[in-house]
Amino acid sequence: MSATPLLEVKGLTKHFPVRKGVFGRLSKKVHAVDGVSFAIHAGETLGLVGESGCGKSTIGKLILKLIEPTAGEVHLQGTRIDQLSRQDMRPHRQDLQVVFQDPYASLNPRMRAKDIVAEPMRNFARVSHAEVDDKVAALFEKVGLRRDQMPRFPHEFSGGQRQRLVIARALALRPKVIVCDEAVSALDVSVQAQVVNLLADLQLDSGVAYLFIAHDLAVVEHISHRVAVMYLGRIVELAEKRVLFAGAQHPYTEALLSAVPVPDPTTKPKRIILQGDVPSPISPPSGCHFHTRCPYAEARCRVETPPMREVAPGHFAACHLRPGPVA
Ligand code: SF4
């Protein structure tokens, strides 16, 4: 891995104001993301997992500059981008692309497939008219679509083919980083596997880095090199995939992993059922956000926020029960 990460976020925070009354008075804040830090290197996939509403998709939107952070920094190839104006961001746009969950919603139904894929090249790259068709055909081939499908409209493709089309468009400008936000969640299981394998092959080919945001741990285990686990706006554990799946250090990760079905019917791992619902991000619990549901909670968990500690080389967890140097 290179020394400078392709993408780095430091202390990223997003609080959404909640307004009420006819004058829109600020009453409370939704703590969507609370001081999140991580880095991704070339050719690496970082899986970002957690229950619905934990803030993982908000992190994707902050990185893509679709919303402004309340605090913190986003660096792309060593350049801080979170404060850049629209104009100043333009040269960096092509290095940062996105694949969203719903290929139906992210494709213009009135555009032909070849124009959808060609659009970023026409907008950002100095590619001649004659070259565009050849480049689009090459991208179609790369993502497993055929050249004769280029004149078709999105509704003439299956769900999996539409997601391939979205991926071809994302690849058109040879990005360095792609944010995949629940990119395969809307697809059938067999099609999910094809698209995940396609993403992995494309990464080997180009060295692109992925931030792979998903709630499905089995998919994340398949595609990720490292995994970050989120709970109520904070990362609570981050480690190399095999290390995390073999020996989770945070009680929340333990509970999440215990719910993943195992293919071997003779092994019956103990399922950890968490009590209660995820608390509201409008008033998250004090101290460790997880203390209201944690089976090991102690008195200090209610008042002291556990810092992220390196519990083993490259393995980080935020829990008072796990000693190690503060990261
Ligand atoms: Fe549980 Fe306390 Fe660890 Fe939080 S800090 S995960 S409440 S033991």
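In this predicted model, strands β11 and β12 form a hairpin with two residues between them. In the turn, G314 has a positive phi of about 75 degrees.

A second hairpin is built from β1 and β2, with four residues between the strands. Here G21 takes a positive phi near 80 degrees. Strand β1 spans residues 7–20, and its antiparallel pairing with β2 extends over 11 bridges. One point of reference in that pairing is K14, which has V33 in β2 as its bridge partner.

These two strands also belong to a sheet. In what order do the four strands of the open sheet stand? The order is β2-β1-β4-β5, and the pairing is antiparallel. Strands β2, residues 25–40, and β5, residues 79–80, stand at the edges; each has a single partner strand, so one side of each is left without a neighbour in the sheet.

I turn now to the ligand. There are 13 residues around the ligand, and those that come nearest are C288, C294, C301, C319 and H320. By class, the shell around the ligand consists of 10 nonpolar residues, three polar residues and no charged ones.

About 110 Å³ of space lies in the largest cavity. Its lining is made of 13 residues, and P251, C288, C294, C301 and C319 are the closest to its centre. What takes up the space of the largest cavity? That space is taken by the ligand. The lining of this cavity divides into 10 nonpolar, three polar and no charged residues.

The largest pocket has a volume of about 670 Å³. Around it are 21 lining residues, and R93, L96, Q97, V98 and F124 lie nearest its centre. The elements that give two or more residues to this lining are α2, residues 86–93; β6, residues 96–99; α3, residues 113–124; and α5, residues 159–171. Which of the elements gives the largest share of the lining of the largest pocket? Helix α2 does, with five residues. In terms of class, the lining of the largest pocket holds 12 nonpolar, four polar and five charged residues.

For the second largest pocket, the volume is about 540 Å³. This pocket is lined by 27 residues, and nearest its centre lie S37, F38, I235, L238 and M308. At least two lining residues are supplied by each of β1, β2, β9, residues 226–231, and β10, residues 234–240. The lining of the second largest pocket comprises 16 nonpolar, six polar and five charged residues.

I close with two individual residues. The first topic is A209, which is found in strand β8, residues 209–214. Is A209 buried or exposed? Its relative accessible area is 0%, and A209 is therefore buried. A209 and V177 are 32 residues apart along the chain, while their C-alpha atoms are separated by 4.7 Å.

The other residue is L202, which lies in helix α6, residues 189–206. L202 is likewise buried, because its relative accessible area is 6%, and under 20% counts as buried. The C-alpha atoms of L202 and R80 are separated by 27 Å, and these two residues are 122 residues apart along the chain.

Conventions:
Residues are numbered from 1 along each chain as its sequence is written. This is a predicted model: local features need pLDDT of at least 70, side-chain atom pairs count only at pLDDT 80 or more; totals for chains, interfaces and linings use all residues. Side-chain values use heavy atoms; hydrogens and water are left out. A residue is near a molecule or strand if one of its heavy atoms lies within 4 Å of it. On a 1 Å grid over the protein atoms alone, a cavity is a set of points where a 1.4 Å probe fits but cannot get out, and a pocket is an open set with protein on both sides within 12 Å along at least five of seven lines; lining residues have an atom within 4 Å of a point. A molecule sits in a cavity or pocket if more than half of its atoms lie within 2 Å of its grid points. Ala, Val, Leu, Ile, Met, Phe, Trp, Tyr, Cys and Pro count as nonpolar, Asp, Glu, Lys and Arg as charged, and the others, Gly among them, as polar. Two strands pair if DSSP finds at least two bridges between them. Grid points are joined across faces, edges and corners, and a volume is the space filled by probe spheres set on the points. Buried means under 20% relative accessible area, exposed over 50%, partly exposed in between (1.4 Å probe, protein chains only).
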